[in-house]
Structures are given as C-alpha cells and as structure tokens.
Amino acid sequence: MYTNRLRDAVDRNDIGGIKRIVKRLAKREKEKGISKEDNPTGLQYVCDNFIETEKQIKDMIWTSKHAFIWALITSLYSVLAISLIDLIETNLCKVK
C-alpha cells in the first residue's frame, strides 16, 4: 500500500509526499513497539534524518539568497562610491 504511494511520490519528485509517507511508516513502526535503539537504521531514523536534511536544505537556500543580496548591495555601494570619487575629482580639476 505505502510502497506504491512512495514510488509515485518519488517519481513525481514530491518531497512533501515522500515526507508524509516516511512519517506514517515511522509512526507505524513506533506503534509496533520498535524503538530507534532496537532498529537504529529503521524508519524512525530515516524519518528523523529526512526532516533534518530538509531543514539543512532550507537553511542553505536562505543563506544563499542572503549572500546574493549582500553581494548585490556591496557591488552597488562600490559603484556609487567610485562614481562619487570620480565626480569629486572631476570637479576639483575644473576648479584649478
């Protein structure tokens, strides 16, 4: 039942669908009385690892966006500073 759903979610690259199925399977494993200590590489481990990896990916995307924005701001600031210096230098040469 869940294998077809999981296969379909993987084929569609549906991260949310994969996450829901893995959570359900981990919950089912937990209800059967299997703990992480009993099965350290079981579905509960996979679920926790999946959620942690998803969080890390979101953090990397956030960091990349902010790095790009700061690089853009720095570049614009540099261009403005160079333009201002050029304007001042040009005006000083006209005065002399």
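Q: Which element of the protein has the lowest mean pLDDT, and which the highest?

A: This is a predicted model, and pLDDT expresses the predictor's confidence in each residue. Helix H1 has the lowest mean value among the elements, at 84, whereas helix H3, residues 43-95, has the highest, at 92. For the protein as a whole the mean is 90, and 98% of the residues reach 70 or more.

Q: Which residues form the largest nonpolar core?

A: In such a core, buried nonpolar residues are joined through their side-chain atoms. Here the largest one has eight residues: Tyr-2, Ala-9, Ile-18, Ile-21, Val-22, Leu-25, Ala-26 and Cys-47. H2 gives the most, with five residues. As for Cys-47, its contacts include Val-22 and Ala-26, and also Lys-23, when residues up to four places away in sequence are not counted.

Q: Is Glu-54 buried or exposed?

A: The cut-off for a buried residue is a relative accessible area under 20%. Glu-54 counts as buried because its relative accessibility is 17%. This residue lies in helix H3. Its side chain is joined to that of Lys-19 by a polar contact of 3.0 Å. Leaving aside residues up to four places away in sequence, Glu-54 touches Ile-15 as well as Lys-19.

Q: How many salt bridges does the structure hold, and which residues are linked in a network?

A: Side chains of opposite charge can pair when their charged atoms come close. The structure holds five salt bridges. Asp-8, Arg-12 and Asp-14 are linked in a network. Within it, Asp-8 meets Arg-12 at 3.1 Å, N to O, and Arg-12 meets Asp-14 at 3.5 Å. Asp-8 is partly exposed, at 38% relative accessibility, and Asp-14 is also partly exposed, at 22%.

Q: Where in the chain do Lys-36 and Asp-48 lie?

A: Lys-36 and Asp-48 form another of the salt bridges, with their closest N and O atoms 2.1 Å apart. This pair links distant parts of the chain: Lys-36 is in the loop between H2 and H3, and Asp-48, twelve residues apart from it, is in helix H3. Both partners are partly exposed, Lys-36 at 40% relative accessibility and Asp-48 at 35%.

Q: What is the phi of Asn-13, and is the residue buried or exposed?

A: Phi of Asn-13 is near 55°, a positive value in a residue other than glycine. Asn-13 lies in the loop between H1 and H2. With a relative accessible area of 63%, Asn-13 is exposed.

Terms used: Residues are numbered from 1 along each chain as its sequence is written. This is a predicted model: local features need pLDDT of at least 70, side-chain atom pairs count only at pLDDT 80 or more; totals for chains, interfaces and linings use all residues. Side-chain values use heavy atoms; hydrogens and water are left out. A nonpolar core is a set of buried Ala, Val, Leu, Ile, Met, Phe, Trp, Tyr and Cys residues joined through side-chain atoms within 4.5 Å. Buried means under 20% relative accessible area, exposed over 50%, partly exposed in between (1.4 Å probe, protein chains only). Helices (H or I, at least four residues) and strands (E, at least two) are DSSP runs, numbered from the N terminus. Contact means heavy atoms within 4.5 Å. pLDDT is the predictor's confidence in each residue, from 0 to 100. A polar contact is a pair of N or O atoms within 3.5 Å; within protein, one must be able to donate a hydrogen and the other to accept it, and residues adjacent in sequence count only if both atoms are side-chain atoms. A salt bridge is a side-chain nitrogen of Lys or Arg within 4 Å of a carboxyl oxygen of Asp or Glu.
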